[in-house]
Amino acid sequence: MKASSKKDFAYAMTPLKILSWPVGTWPLQVYNVFSNLRTIFTIIILLLMMAIVQTELYLDSSDAGKNLDAMVIIICGILAVSKVMCFRIWPAGLIANFTSAVKDYKELGDDVKRGVVRRHAYMSRVACASGIFFAYFAAALFSAVAMLVQDVEVVNATEDDAPEYPFPSENVLAIIDVPDNLFILIFIVEFGMLLITGTGNLGSDSLFFGITFHLCGQVEILKLEFSKLVKENERVNEHFKGLVKRHIYLLKLAKMLNETISSILVVQLFSSCVLISTGGFQCILALSVGNMVLVVKSFVVMITLLMQLLVYSYVGDYLKRRMESVGTTLYLCNWYDLPRGVAKDIIYVIMRAQEPVELTAGQFFIVNMQTYMSILKTSISYLSVLRVMVNA
């Protein structure tokens, strides 16, 4: 059973560790100088990338396509920096949840519980793989477009042609007077910056999604234990008190997760709305000039943002429904066969389960599927206004 628990833990946590350890946000790491250096290095790289892109905009703002690319990169960089800093500076909620997860895997007692945990671990891996795939694919696409443009310029070369890079930086590098023979090295470095941005942004999201799905799995196990109360003929009072304490503990973990991500979600929701409109606007501009490569790039960026927002909304909705279902499970059980004292206490557990446990942005904006639809409608409305401006 110990070997099975270790395999289950590795199955659930290894992808999360791979994505979070390089940027120094893995909650189960030793918080020492080495972990601090990884975080500082990541933040410096992200700030350097944003500074380069911002300076490029200041030097040349005449190209609408590059301006929109720069806006996407800057906002994604801001999201990555905020998530890495938040998960590193205020890791108490994540540490408490991951430490609890380690204990949960050690205490898996039967195949039914293992099945529940394994199913939620699979959901975590799907969310993790989807997010990081689109992030890295978008980074690769930015670099591929630059390479394609570079090949076209080689065919029609002129003295004024500047080399293309994964993100707008041509004028900045020209001022620095970077030698032409370093083109390949700079190209690889900028591609690496985009990968770090994807890891800091969607990799941090995967860390949060993974532990939230695990928490939902523990709620499912708690429901199974509550449903077995009628079958417990001995020490039912003590068993019920233990389950109530477990319920309170899971509610506390959910609250800590919400406090960890709440401030980040404000930036995430606003940025998603802006970037979805921006990506759609860029797609319209590309279609108007027949640039299919840019159309594909804009479409991939939009899909990545929509997917990221969809997963946040789904996780928030899923957590809320799992917590509320605890009360439904107790209501449907054969409570009339339980001792009178336990039957009365069930009422208070049901009342507590009715209080919503939700992900909130800034403690006031609820993140669920309705939020996703609202943001999508708002983004489309902004996009319609931009489309009218282009046609005019």
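Does aspartate 205 count as buried or exposed, and at what relative accessibility? In this predicted model, aspartate 205 has a relative accessibility of 1% and therefore counts as buried.

Side chains of opposite charge can pair when their charged atoms come close. For aspartate 205 the partner is lysine 83, and the two side chains meet in a salt bridge with an N to O distance of 2.7 Å. Because lysine 83 belongs to helix H3 and aspartate 205 to helix H7, this pair ties together parts of the chain that lie 122 residues apart in sequence. Lysine 83 is buried too, with a relative accessible area of 0%.

Across the whole structure, the search finds 12 salt bridges. Another of them is formed by aspartate 8 and arginine 114, whose closest N and O atoms are 2.8 Å apart. Here helix H1 supplies aspartate 8 and helix H5 supplies arginine 114, so parts 106 residues apart in sequence are tied together. The two partners can be told apart by their accessibility: aspartate 8 is buried, with a relative accessible area of 3%, whereas arginine 114 is partly exposed, at 23%.

A further salt bridge joins the side chains of aspartate 104 and arginine 246, at 3.1 Å from N to O. Aspartate 104 sits in helix H4 and arginine 246 in helix H8 (residues 236-289), so the pair ties together parts 142 residues apart in sequence. Aspartate 104 is buried, with a relative accessible area of 8%, while arginine 246 is partly exposed, with 22%. Salt bridges can also share partners, and in this way Asp8, Asp111, Arg114 and Arg118 are joined into one network.

The search of the whole structure finds 13 aromatic pairs. In one of them, the ring centres of tryptophan 26 and phenylalanine 98 are 5.3 Å apart; their planes stand at 70 degrees, so the pair is edge-to-face. This pair links distant parts of the chain, 72 residues apart: tryptophan 26 is in the loop between helix H1 (2-20) and helix H2 (33-59), and phenylalanine 98 is in helix H4 (residues 92-106). Tryptophan 26 is buried, at 5% relative accessible area, and phenylalanine 98 also counts as buried, at 0%.

The rings of tyrosine 165 and phenylalanine 183 also have their centres 5.3 Å apart, but their planes meet at 50 degrees, so this pair is tilted. Tyrosine 165 comes from the loop between helix H5 (111-155) and helix H6 (170-176), and phenylalanine 183 from helix H7 (residues 183-227), 18 residues apart. Both residues of this pair, tyrosine 165 and phenylalanine 183, are buried. Elsewhere, ring pairs link Phe133, Phe134 and Phe137 into a cluster.

Rings can have charged neighbours too. The charged end of arginine 38 sits over the ring of tryptophan 21, 3.9 Å from the ring centre.

Finally, the surface holds a nonpolar patch made of Ile78, Val266, Val267, Phe364 and Phe365, which together have about 440 Å² of accessible area. Isoleucine 78, one of these residues, is found in helix H3 (residues 64-89). With a relative accessible area of 41%, isoleucine 78 is partly exposed.

Notes. Residues numbered from 1 in each chain as written. Predicted model: local features only at pLDDT ≥ 70, side-chain atom pairs only at ≥ 80, totals over all residues. Heavy atoms only, no water. Phe/Tyr/Trp six-rings, centres within 6.5 Å; stacked < 30°, edge-to-face > 60°. Helix = DSSP H or I, 4+ residues; strand = E, 2+ residues; numbered from the N terminus. Buried < 20%, exposed > 50% of the residue type's maximum accessible area, 1.4 Å probe, protein only. Lys NZ or Arg CZ within 6 Å of the ring centre and 35° of its normal. Patch = residues over 30% accessible without salt bridge, like charges linked within 9 Å, V, L, I, M, F, W, Y side chains within 5 Å. Areas by Shrake-Rupley, 256 points an atom, 1.4 Å probe, with all protein chains shown as cover. Salt bridge = Lys/Arg side-chain N within 4 Å of Asp/Glu carboxyl O.
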